[in-house]
Amino acid sequence: MRYPVLLSYAAPQPLIDALERDYHLLGPLTEMTPAALPAGSAQARAMVTKGGLPIDAALLDQLPALELIQCYGTGYDLIDLKAAAARGIRIANAGDANAPAVAEFATMLMLSGVRNLAGYDQLVRSGQWNDAARGAMPLSPGLAGRRIGIYGLGAIGSRVAQQAEALAMAVGYTGRRQHPDVRYHWCDTLDELAEWADVLMVTVRAGDNNRHAVNRGVLKALGPNGYLVNISRGYVVEEAALIAALANDDIAGAGLDVFEHEPWVPEELRNDARVLMTPHVAPHSEFAQRRMRERTLDNLRALFEGQPLTCEVTG
């Protein structure tokens with residue numbers, strides 16, 4: 001029997017191919033509204049979605065047979081968990097499937113930004129490379145011997161910490177709780193961490209509890225030599241405060257893979273050479289995509305065979 005599965009977005013083609021092979025695939029949706037649901041959606045027992053797409057009670061009301069919402073990645077912050085629980089709908093994600101890829105990307109943003117990779121690349125591409133032009137570019141403070149403050153020491157943050165140690169950096173962190181089994185420097189608050197750190201790395205799991213957590217005060221505490229990296233969710237950083245901090249030279253620069261209103265990016269950030277930007281691609285590696293695809297397909301199979309789910313979200 002080919003069970004109906006609803007796809008909420010334009011997923012990677014290998015995932016679509018696998019879903020079409022094994023299931024009666026419905027979608028993808030053009031928007032996350034009841035009006036966009038294709039015919040037959042009321043019979044769908046599972047939905048495959050991705051973080052950053054809202055799933056609210058109004059949408060769930062039109063999916064009476066739904067038993068599982070499977071997130072292709074790790075984020076589930078825009079799913080109405082209470083509405084899903086009230087309807088007996090289970091939530092699962094890909095766990096730490098993309099953590100190695102996202103962590104290496106976060107470290108790349110830090111290295112590339114602090115060492116001004118984009119500026120040096122542009123110097124070579126412009127044809128203006130000579131001793132005088134190169135010498136006119138400011139020296140980088142580098143990373144060895146400096147401090148990285150990690151906001152969220154989860155699957156991604158802990159890997160970033162390991163990579164930072166390999167770069168001879170001191171590691172500090174803050175988050176929901178202190179981890180007694182790690183030796184890194186603990187800070188009670190995000191403000192304290194920013195004041196301690198030279199690089200503030202945002203790897204926290206997103207949610208309403210940390211919306212605009214990195215605000216004007218945190219950026220001021222980071223200081224004029226501090227560098228910000230965000231690979232979590234755009235809204236964890238108050239974008240207006242970041243723009244103001246850059247304009248006032250309150251921080252040295254930023255590396256951003258996520259933005260508050262994607263895909264729109266403020267002109268002030270786009271025109272600032274101190275900001276290194278990428279289009280939300282930290283998990284875009286063959287390794288991560290294969291693992292997320294496998295976790296998604298494994299959970300669908302488990303649902304329809306009555307087996308336990310992997311990486312079920314419990315709250």
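Mentor: A search of the whole structure, which is a predicted model, finds three aromatic pairs. Start with Tyr3 and Phe304. Their rings are stacked, at 4.2 Å centre to centre and with 5° between the planes. Tyr3 lies in the segment before strand 1, and Phe304 lies in helix 12, so the pair ties together parts that are 301 residues apart in sequence. Phe304 has 13% relative accessibility, and therefore counts as buried.

Phe304 has another aromatic partner, Tyr23. This pair is tilted: the centres are 5.4 Å apart and the planes make 45°. Tyr23 sits in the loop between helix 1 and strand 2, whereas Phe304 belongs to helix 12, so parts 281 residues apart in sequence are tied together here too. Tyr23 and Phe304 are both buried. Taken together, Tyr3, Tyr23 and Phe304 make one aromatic cluster.

Strand 1 (residues 4-7) pairs with strand 3 (residues 46-49) in the parallel sense, over three bridges. Within that pairing, Leu6 stands opposite Met47 of strand 3.

Next, another pair of strands. Strand 10 and strand 11 run parallel, joined by four bridges. Tyr227 stands opposite Gly253 of strand 11. In strand 11 (residues 253-256), Gly253 and Gly255 point one way, while Ala254 and Leu256 point the other way. All of these residues are buried. In general, side chains in a regular strand alternate between the two faces of the sheet.

Look at Asn230, which lies in strand 10 (residues 227-230). Its relative accessibility is 1%, so Asn230 counts as buried. The side chain of Asn230 has polar partners in the backbone. A polar atom of this side chain lies 2.9 Å from the backbone nitrogen of Ser232. The Asn230 side chain also reaches the backbone oxygen of Arg233, at 3.1 Å. Leaving aside residues up to four places away in sequence, Asn230 touches Val202, Val237, Gly255, Leu256, Asp257 and Val258. Of these, Gly255 and Leu256 are in strand 11.

One more ring deserves a look, this time with a charge. The charged end of Arg211 sits over the ring of Tyr235, 4.1 Å from its centre.

Finish with another asparagine. Asn130 is placed in the loop between helix 5 (117-125) and helix 6 (131-136). At 39% relative accessibility, Asn130 counts as partly exposed. Its side chain reaches the backbone nitrogen of Ala132 at 3.1 Å. Asn130 and Pro12 are 118 residues apart in sequence, and their C-alpha atoms are 44 Å apart in space.

Note on methods:
Residues are numbered from 1 along each chain as its sequence is written. This is a predicted model: local features need pLDDT of at least 70, side-chain atom pairs count only at pLDDT 80 or more; totals for chains, interfaces and linings use all residues. Side-chain values use heavy atoms; hydrogens and water are left out. Two strands pair if DSSP finds at least two bridges between them. Helices (H or I, at least four residues) and strands (E, at least two) are DSSP runs, numbered from the N terminus. Buried means under 20% relative accessible area, exposed over 50%, partly exposed in between (1.4 Å probe, protein chains only). A polar contact is a pair of N or O atoms within 3.5 Å; within protein, one must be able to donate a hydrogen and the other to accept it, and residues adjacent in sequence count only if both atoms are side-chain atoms. Contact means heavy atoms within 4.5 Å. Rings of Phe, Tyr and Trp (its six-membered ring) pair if their centres lie within 6.5 Å; planes under 30 degrees apart count as stacked, over 60 as edge-to-face and the rest as tilted. A charge sits over a ring if NZ of Lys or CZ of Arg is within 6 Å of the ring centre and within 35 degrees of the ring normal.
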